[in-house]
Amino acid sequence: MVDIMRLPSRMIRYTSAFFADLGSRPVLLLCLGILLAWLMAGVPFMSFGTPTGLWGDRTFLLLHGRLFLDWPHVFRTDALGFPDRLDLLSFPFTDLTERVVQFLTTRLTGDVVVGANVYFVVIVAANFAAAFCALRSFRIRPWWSLAGAFAFAFIPYFAERSTGHDYLAAYYAAPLAFLILPRIVTAVRQQSLAGIMKDPVTLVCCMVIATSGIYYSFFSLLTWGFAGLALAAQERDWRYLPAMALPACLTLAVLVPILAFFVAVAPGDAGGFPARTAADQPLYGFRISDVIVGLEPFGVARNTLRDYMAIRGKTEGTDAWPGPVLSAFALLAALFGTLLLRRRGPGARPGHEGLTPTLNAYLAFCMIFCAPFGLGLIFNLLIRPEIRAQNRIAPFFAFAALLVLLGLWRRVALRLKSRFGRSIGGATAAVALVALLLVNSMGSAALFARQQRALLRQPAFATEMTSIRATLAAADTEGLQRILQLPTAAWPEAPAIRDFEPYNHLLPFIFSAPGISRHWSYGSTSGASESLSRSQILLKIANWPCALAELSASFNFDAVLIDRRGYDAAELAAWDSRLTAVGARLVSDDPLRRLYRLSTSDCSQPLLPSDRWLSAAAGGELDPLLDRGWHSPEAWGRWGKDAVQRILLPNRGLGSRGVVVDLRIMQLADKDGRIPRVEVRVNQTLITTISVARSMQPEEHRIVIPRLLLPQTGFTTIELRPEGFVAASRATPEDKRLLGVGLIAMRVAPSIQ
């Protein structure tokens, strides 16, 4: 039985022993290396009050920091999101260690941008320190470990991920997965497997890996599983299989409850993010280099090349591999790695030489994983959408390549010493090694300072910040509390609208003061697509200030913020005319945004005109109320395209005694002359069935909706369901129209009963 009270003292003792095992000089080198890594990243030249990026996925890092300042509203906030609330549980939330680091940096600095920049500084140190300690655990020389950790902290993958997928740039879990391999090998050879469960270094590594993101946890499990199989085959010892299973079980014991919690509280999480299709995944395998481009002159794989070139500018299509030196060496090591093996005595402590065959095999495995139609495709087929891109194994690939490279370099150093003498040969080997690793890392030189300078040179950045400050100042001056942001868009990954990215709606909130009670209608969460659809319908209704009151009892917007980038000049003029016609007042105007204050409106009048036919044709008054199941409008109206066609009626002003709805419809007969009857459901309740006497002839049908089926607010949903309708049913094979309902017009009137 473990004595809980003694655990802290044991952890301190074991941690001290671990660093003592590193040696005093390596600890000093580690501190020196972190300082050099910060210098390499450009930390001394940073302005911590200036962001390193503002748009795209960087927005979410800043968003998290802004919510951290509103503690305890970290997971959910009512201040953002429309017509409900922004729910951060819709984000993959297993990367807890990174979020804890950012939470601390943001809370301690009290500033979103400063907290994000300090977070990057901490991540550079963590990546470097984890790599250095892991290299030392393989008995790599201290100075060589310094160079290797330096190269690992700045592989091109870091430069790529730290411009968007910022939590993926914190890949210190990769060397930690390797750090425990020598300890497990020692436990197997000393026949002390139970000691693995008590080893605090292994325990800490497993806990950090499990809380460092689903990607790195996944690839750590793959690494251990592959190492266990490779070592069992190499040494003919089956005990490596349960030995490698132990850290995997420890990691899963921490990871599974985290996943279970967020799956339980956010069951729609997986559906909130678009998954890359299986057909796209093989294209991501061409990441070691753009070798496929070399096939173009020979006319090979033209379709694949076209598809590949279409994605290469995206995140998964960029070259984020370990760099030219490590990538090239990994290929050589995988092909000729057996030449690096050197026999060791039976009692020797495992180092990089003893694990060289396993590491070489692992490099080959990484390549197969990322090859077109390779293992990465299989994993993406089975695990979707959590593991979305094969190049996220790059940090593991890079560290294994470093281990083999440094193992080989010992041979190179010995050869140079024997040829040129100990001093000259050793110095030559060291200089050459440092030069190679610097070449491999040059893309990250002064990275953060360069990102800031590049951002400050962009006119768009200055314009954006000026617009945000002007918008916030006007909102404060006018005392605005609920702001409707246009254009409306679903999130998180909605397509751009002209030059407008939906993420831009987040920026005013991100730079607003912490704790403020103002609400911003940023899009709609994935679980509220129904509400977003209805809000878009209401915005098309002529009496739209009153329509906004229908969105929710708690959302009475007092302002409208229009992002100019989502509209052309004519549309902006139309919005201005529409808003000023209902008494709105322009309170802020800049090249990016317009902010209008809405006047208080008397919303006692109905939202729909009564006793007048509303046309379903293109641009007709009925057009915004046709919700789902309809083809694009024609000159006369619309055809249904699905098994169910829906019409939405806003409830305000429909009458206290009920509503009469007249439908002018027509239908097609099938090849046997049969015209299907149409079921009419109101708010899921079947109220009548109508039938058309003659095919393709307009007929009018009356529907009476009783008062009991009409809610006080919101919408009434009318569904038209042709009996026995099949979505692909057609009148004849030549006639492409479906057997659904053709809607020409609709009229609404209060019931006289």
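This report walks through a predicted model of a single chain, from its overall make-up down to a few individual residues.

**The chain as a whole**

The chain has 753 residues, and 54% of them are buried. Its secondary structure comes to 25 helices and 16 strands. If we take the contacts with a separation of 6 or more, 76% of them are between residues 24 or more positions apart.

The mean pLDDT of the chain is 77, and 73% of the residues reach 70 or more. Residues 280-292 have a pLDDT below 50, and this stretch makes 43 contacts in the model beyond near neighbours in sequence. Another stretch, residues 342-349, also stays under 50 in pLDDT. For residues 342-349 the model has ten contacts beyond four places in sequence.

Helix H16 covers residues 356-370. Its 15 residues reach 21 Å from the first C-alpha to the last, close to the 21 Å expected at 1.5 Å a residue. Eleven of those 15 residues are buried, so H16 is largely enclosed by the rest of the structure. Among the buried ones are Leu 359, Tyr 362, Phe 365, Met 367 and Phe 369, and the list also includes Thr 356, Asn 360 and Cys 370.

Our other helical stop is Gly 148, in helix H6 (residues 142-153). Is Gly 148 buried or exposed? Gly 148 has a relative accessible area of 0%, which is under the 20% cut-off, so it counts as buried. Leaving out residues up to four places away in sequence, Gly 148 touches Leu 135, Leu 402 and Leu 437. The C-alpha atoms of Gly 148 and Phe 128 are 9.0 Å apart, with the two residues 20 apart in sequence.

**A histidine in a strand**

His 519 belongs to strand E4 (residues 519-520). With a relative accessible area of 17%, His 519 is buried. Which residues does His 519 contact, leaving aside its neighbours within four places in sequence? They are Asp 78, Ala 79, Gln 481, Arg 482 and Ile 483. With one of these, Arg 482, the His 519 side chain also makes a side-chain polar contact of 3.5 Å.

**Rings and charges**

A search of the whole structure finds 24 aromatic pairs. The rings of Phe 218 and Phe 219 have centres 5.3 Å apart and planes at 70 degrees, so this pair is edge-to-face. Both Phe 218 and Phe 219 are buried.

| Arginine | Ring | Distance from ring centre |
|---|---|---|
| Arg 66 | Phe 509 | 4.6 Å |
| Arg 141 | Trp 144 | 4.7 Å |

**Backbone details in loops**

Some backbone geometry deserves a look too. The peptide bond from Leu 486 to Pro 487 is cis, with omega near 5 degrees. Pro 487 is in the loop between strand E3 (482-486) and helix H22 (507-510).

Arg 236 is not a glycine, yet it has a positive phi of about 55 degrees. Arg 236 is placed in the loop between helix H12 (214-235) and helix H13 (240-265), and it is exposed, with a relative accessible area of 72%.

Asn 683, also not a glycine, has a positive phi of about 50 degrees. The loop that holds Asn 683 runs between strand E12 (678-682) and strand E13 (685-690). Asn 683 is partly exposed, at a relative accessible area of 25%.

How values were computed. Residues are numbered from 1 along each chain as its sequence is written. This is a predicted model: local features need pLDDT of at least 70, side-chain atom pairs count only at pLDDT 80 or more; totals for chains, interfaces and linings use all residues. Side-chain values use heavy atoms; hydrogens and water are left out. Helices (H or I, at least four residues) and strands (E, at least two) are DSSP runs, numbered from the N terminus. Buried means under 20% relative accessible area, exposed over 50%, partly exposed in between (1.4 Å probe, protein chains only). A polar contact is a pair of N or O atoms within 3.5 Å; within protein, one must be able to donate a hydrogen and the other to accept it, and residues adjacent in sequence count only if both atoms are side-chain atoms. Contact means heavy atoms within 4.5 Å. Rings of Phe, Tyr and Trp (its six-membered ring) pair if their centres lie within 6.5 Å; planes under 30 degrees apart count as stacked, over 60 as edge-to-face and the rest as tilted. A charge sits over a ring if NZ of Lys or CZ of Arg is within 6 Å of the ring centre and within 35 degrees of the ring normal. pLDDT is the predictor's confidence in each residue, from 0 to 100. The expected span of a helix is 1.5 Å times one less than its number of residues.
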